[in-house]
Amino acid sequence: MTHAAPRPHRLGILISGRGSNFLAIAEGIAQGRLTGAEIAVVISNRRDAPGIAAARSAGFATEVIEARARQRAEHDAEIIACLREHQVDLVCLAGYMRLLSAEFVRAFPQRILNIHPSLLPAFPGLDAQRQALAYGVTVSGCTVHFVDEELDHGVIVLQKIVPVLPEDDEHTLAARILDQEHVAYAEAIARVLSGMYCVAGRRYVPSASLDRAQAETE
């Protein structure tokens with residue numbers, strides 16, 4: 001008796017610009033570094049986003065859902081409906097430059113990931129690299145985190161460290177951080193899709209750590 005292979009986890013990617021992290025996720029799936037996942041739909045809030053053109057060229061299902069001066073909740077409701085239509089399991093924000101409404105977050109609890117170019121909680125929001133250089137830190141990096149109702153605030157899944165060099169400006173630092181973003185996002189997606197973790201307060205706790213903690217208390 002043969003058993004059917006399990007259905008791949010379906011990713012919904014939200015972009016606003018060039019979509020380099022989306023392309024890195026797609027490459028990770030194609031090369032077998034991110035297994036058990038497929039990109040179900042790529043959604044942009046900007047019709048002229050280079051990333052949506054790249055997604056179309058690569059043969060992915062795409063949607064453009066512009067805000068058109070609508071209320072955020074109304075705009076997000078249309079995106080939620082699109083994600084559900086495509087049976088999305090995990091939403092990945094990849095340079096999506098709009099804050100999500102509370103309704104959006106509640107529609108996909110602990111199922112929305114974002115990547116940010118700093119070691120959160122340091123330097124949330126825009127111009128993270130400029131903030132890091134102005135503060136004089138010697139290390140920066142990127143963070144993949146669950147999305148909650150606050151900006152760049154949800155539980156951290158994974159971080160990558162990037163040294164800040166004396167000669168860095170925001171462009172050179174951003175470029176080196178972006179290289180690590182492309183690695184980190186696929187790793188974080190794999191962690192979440194594995195289901196081998198729990199969230200304890202603000203901590204992402206892998207199952208192996210849980211097993212060790214339980215063994216120590218027995």
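Phe146, Tyr197 and Tyr204 come together as one aromatic cluster, where the rings of Phe, Tyr and Trp (its six-membered ring) are taken to pair if their centres lie within 6.5 Å. The model is a predicted one, in which local features need pLDDT of at least 70 and side-chain atom pairs count only at pLDDT 80 or more, while totals for chains, interfaces and linings use all residues. Residues are numbered from 1 along each chain as its sequence is written, and side-chain values use heavy atoms, with hydrogens and water left out.

By the ring rule the count comes to five aromatic pairs. A pair of aromatic rings is described by the distance of the centres and the angle of the planes. Phe22 and Phe60 form a pair that is edge-to-face, with 5.7 Å centre to centre and 75° between the planes; planes under 30 degrees apart count as stacked, over 60 as edge-to-face and the rest as tilted. Phe22 lies in helix H1 and Phe60 in the loop between helix H2 (50–57) and strand S3 (62–64), so the pair ties together parts that are 38 residues apart in sequence. Helices (H or I, at least four residues) and strands (E, at least two) are DSSP runs, numbered from the N terminus. Phe22 counts as buried at 0% relative accessibility, whereas Phe60, at 26%, is partly exposed; buried means under 20% relative accessible area, exposed over 50%, and partly exposed in between (1.4 Å probe, protein chains only).

Phe22 belongs to a list of buried residues in H1 that also holds Ser20, Asn21, Ala24, Ile25, Ala26 and Gly28. What covers them includes strand S1 (9–15), strand S2 (37–44), H2, strand S5 (112–116) and H6.

Helix H1 (residues 20–30) packs on helix H6 (residues 170–194) at an angle of about 50°, with the axes 9 Å apart; axes are lines fitted to C-alpha atoms, for helices over the stretch in contact, and angles run from 0 to 180 degrees between N-to-C directions. That angle makes H1 oblique to H6, since angles under 35 degrees count as roughly parallel, over 145 as roughly antiparallel, 65 to 115 as roughly perpendicular and the rest as oblique. Ser20, Asn21, Ala24 and Ile25 in H1 meet Leu178, Glu181, His182, Tyr185 and Ile189 in H6, contact meaning heavy atoms within 4.5 Å.

Helix H5 (residues 128–135) also packs against H6, here at an angle of about 120° and with the axes 9 Å apart, which makes H5 oblique to H6. On the H5 side the contact is made by Gln129, Arg130 and Leu133, and on the H6 side by Glu170, Leu173, Ala174 and Ile177. Ile177 is also among the residues touched by Ser140, as are Pro117 and Ala132. Ser140 is found in strand S6 (residues 139–146) and counts as buried at 3% relative accessibility.

The backbone has some further features of interest. Most residues other than glycine have a negative phi, and most peptide bonds are trans. In the loop between S5 and H5, which holds Pro121, a cis peptide bond joins Leu120 and Pro121, with omega about 15°. Phe123 has its place in the loop between S5 and H5, with a positive phi near 55°, and is buried at a relative accessible area of 14%. Gln87, in the loop between helix H3 (72–85) and strand S4 (90–93), has a positive phi of about 55° although it is not a glycine, and counts as exposed at 53% relative accessibility.

How values were computed. Lists of a residue's contacts leave out its neighbours within four places in sequence.
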